[in-house]
Amino acid sequence: MKVFHCDHCDHLVFFESVRCVRCEHPLAYLPDLGVTGSLDIIGDGLWKSPLARAEGKTYRLCQNYTEHNVCNWALPADDDNPYCQSCRLTRVIPDLAPTGNKEAWYKLEVAKRRLLYTLLALKLPIASKQDQEATGLAFEFLADPTDPDAPAVLTGHSNGLITVNIAEADDAERERRRHQMREPYRTVLGHFRHEIGHYYWDVLVKDGPALDRFRELFGDEREDYGQALDRYYKTGAHPDWQERFISAYATAHPWEDWAETWAHYLHMTDTLETAIGCGLSVKPKRVGEPVMKPETKAVAPTPSAFEAMLSDWHALTYVLNNLNRGLGLADGYPFVISAPVIEKLRFVHEVVSTPTVKTAPVAVPI
């Protein structure tokens, strides 16, 4: 995530900000410019940005911004859709009557917007099912049914539709599930990054030139998915899973290995860009300790850039974990990147850097 400033007073603002705390100007994220910036009202619900590169452009606030205050994005005034590029992907929202559901919806939309920011930065294809039913993307945010005998809502993906149980937005419930599943890490944003990985496997890998290399690294995805998942939940991961996988769940099936690795790659790109945008550098006093240069780009569209990215990530997580321990907290980065995992991450980087996009995604798993 880049660092943003108010265009009127130059005060520091954030990706999720809706108002400058210094000059009180309203703020919105402008996807066409890639900035969270301040706006001046024109009238009739129209706004303009004071930025020189926005000269001649007018904007409307997303309907979820003006009506529900769960969004902070704007869209071009001549766009016929009342919703921004992120909100138009959500086709089902939870019932807002029960206490807590609106707050849960807000948290899910915040995570989705950060996901969209990264996808746009990586120049990955994004299409709504409203426009492309067969190949597009949609989100449904659902609550478990009140009937105790009815099946619970499962967070997952199928044919471009990502379903998220709003219980994941409840910190206490998510932590309970994390312990139950024996996971070192479980976040709302992590769910979005994992599920979108299934979508992009179909878009960027399936039946394409990268498929053979995928099978070399991750295994044969033609293995029965249901049986593989049943086996994983019955027996768990092999004790030595850290030697070849980024997480225990990645051992369940090649699709899950890909989705976990893809999510991890998005963790890396977003966090590195944030650190670099803040001017963070790591300059140890002793030779041989992790080094991070502030001028390095977090993501560069070349396969060779991966080594620099990996080196910076090692330095950043080294500092992150030491800072957390100094505060008495658990490691912020509870993962081990083995040599086989590095090659899997490199594969994701190469696919993202030189994508071969197909036109007909089919169903992919939860």
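Helix α7 is mostly covered, with 21 of its 24 residues buried, where buried means under 20% relative accessible area, exposed over 50% and partly exposed in between (1.4 Å probe, protein chains only). Helices here are DSSP runs (H or I, at least four residues), numbered from the N terminus. This is a predicted model, in which local features need pLDDT of at least 70 and side-chain atom pairs count only at pLDDT 80 or more, while totals for chains, interfaces and linings use all residues. Residues are numbered from 1 along each chain as its sequence is written, and side-chain values use heavy atoms, with hydrogens and water left out.

From its first C-alpha to its last, α7 reaches 34 Å, close to the 34 Å expected at 1.5 Å a residue, the expected span being 1.5 Å times one less than the number of residues. Just after α7, Gly 279 takes a positive phi of about 80°.

Helix α7 (254-277) also supplies at least two residues of the lining of the largest pocket, as do α3 (171-180), α4 (188-204) and α6 (225-235). A pocket is an open set of points on a 1 Å grid over the protein atoms alone, where a 1.4 Å probe fits, with protein on both sides within 12 Å along at least five of seven lines; lining residues have an atom within 4 Å of a point. The largest pocket is lined by 38 residues, of which Met 181, Glu 183, Arg 186, Tyr 233 and Tyr 249 lie nearest its centre. By class, this lining has 16 nonpolar, 12 polar and 10 charged residues.

Two residues can be followed through their side-chain contacts. A polar contact is a pair of N or O atoms within 3.5 Å, one able to donate a hydrogen and the other to accept it.

| Residue | Side-chain partner | Polar contact |
|---|---|---|
| Arg 177 | Glu 173 | 2.7 Å |
| Asp 331 | Arg 325 | 2.8 Å |

Arg 177 belongs to helix α3 and counts as buried because its relative accessibility is 16%. Leaving aside neighbours within four places in sequence, Arg 177 is in contact (heavy atoms within 4.5 Å) with Asp 144, Asn 165, Ala 167, Glu 168 and Arg 186.

Asp 331, by contrast, sits in the loop between α8 (306-326) and α9 (339-353), and is partly exposed because its relative accessible area is 28%. Asp 331 touches Asn 321, Asn 324 and Arg 325, not counting residues up to four places away in sequence. Although Asp 331 and Asn 321 are 10 residues apart in sequence, they are 4.8 Å apart in space, C-alpha to C-alpha.

Technical notes: Nonpolar A, V, L, I, M, F, W, Y, C, P; charged D, E, K, R; others polar.
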